[in-house]
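Welcome! Take a look at the model below, and then we will walk through a few of its features together.

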Amino acid sequence: AEYTMKRPKGLSVRGNVLYLCDDGLKIYDKSNPQNLQLLGHLKGLDTYDVISISDDRLILTGPGYLAQYDVSNPAAPREISRL
């Protein structure tokens with residue numbers, strides 16, 4: 001399958017969830033790789049990389065910041081902390 005993207009950068013996978021830095025942070029259900037389903041999209045951020053550190057937490061980096069997010073609800077990622 002092919003997927004149109006704007007400027008993909010970093011990605012991370014945990015179980016059936018794919019986190020992709022592309023026009024912010026996109027969160028996909030990848031249980032069927034031929035038909036990814038968008039679960040959530042965190043817009044308005046310039047993102048470089050994403051690292052999943054547990055089932056419900058991830059680290060997101062961008063120009064001049066490192067942030068921790070709660071992704072227990074993929075449709076509404078919530079920032080926990082930022083450096």
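Let's begin with Thr47, which is buried, at a relative accessible area of 4%; here buried means under 20% relative accessible area, exposed means over 50%, and partly exposed is in between (1.4 Å probe, protein chains only). This is a predicted model, where local features need pLDDT of at least 70 and side-chain atom pairs count only at pLDDT 80 or more, while totals for chains, interfaces and linings use all residues. Residues are numbered from 1 along each chain as its sequence is written, and side-chain values use heavy atoms, with hydrogens and water left out.

**Around Thr47**
- Thr47 sits in the loop between β4 (37–42) and β5; strands (E, at least two residues) are DSSP runs numbered from the N terminus.
- Its side chain reaches the backbone oxygen of Gly24 at 2.8 Å.
- Beyond its neighbours within four places in sequence, Thr47 has contacts (heavy atoms within 4.5 Å) that include Lys9, Cys21, Leu60 and Tyr65.

**A sheet to trace**
- Four strands form an open sheet in the order β5-β6-β7-β8, with antiparallel pairing; two strands pair if DSSP finds at least two bridges between them.
- At the edges are β5 (49–52) and β8 (78–82), each pairing on one side only.
- Strands β6 (residues 57–62) and β7 (residues 65–70) pair in the antiparallel sense over six bridges.
- Leu60 stands opposite Ala67 in β7.

- Most residues other than glycine have a negative phi.
- Asp23 has a positive phi of about 55° although it is not a glycine.
- You can find Asp23 in the loop between β2 (17–21) and β3 (25–29), and it is partly exposed, with a relative accessible area of 34%.

**Salt bridges**
- The whole structure holds eight salt bridges, each a side-chain nitrogen of Lys or Arg within 4 Å of a carboxyl oxygen of Asp or Glu.
- One of them joins Arg7 and Asp46, with the closest N and O atoms 4.0 Å apart.
- Arg7 lies in the segment before β1 (11–14) and Asp46 in the loop between β4 and β5, so this pair ties together parts that are 39 residues apart in sequence.
- Arg7 is exposed at 55% relative accessibility, whereas Asp46 is partly exposed at 37%.
- Arg78 forms a salt bridge with Asp70, the closest N and O atoms being 3.1 Å apart.
- Asp70 is buried at 10% relative accessibility, while Arg78 is partly exposed at 47%.
- Salt bridges that share partners join Asp56, Arg57, Asp70 and Arg78 into one network.

Notes. Polar contact = N/O pair within 3.5 Å; in protein donor to acceptor, adjacent residues only side chain to side chain.
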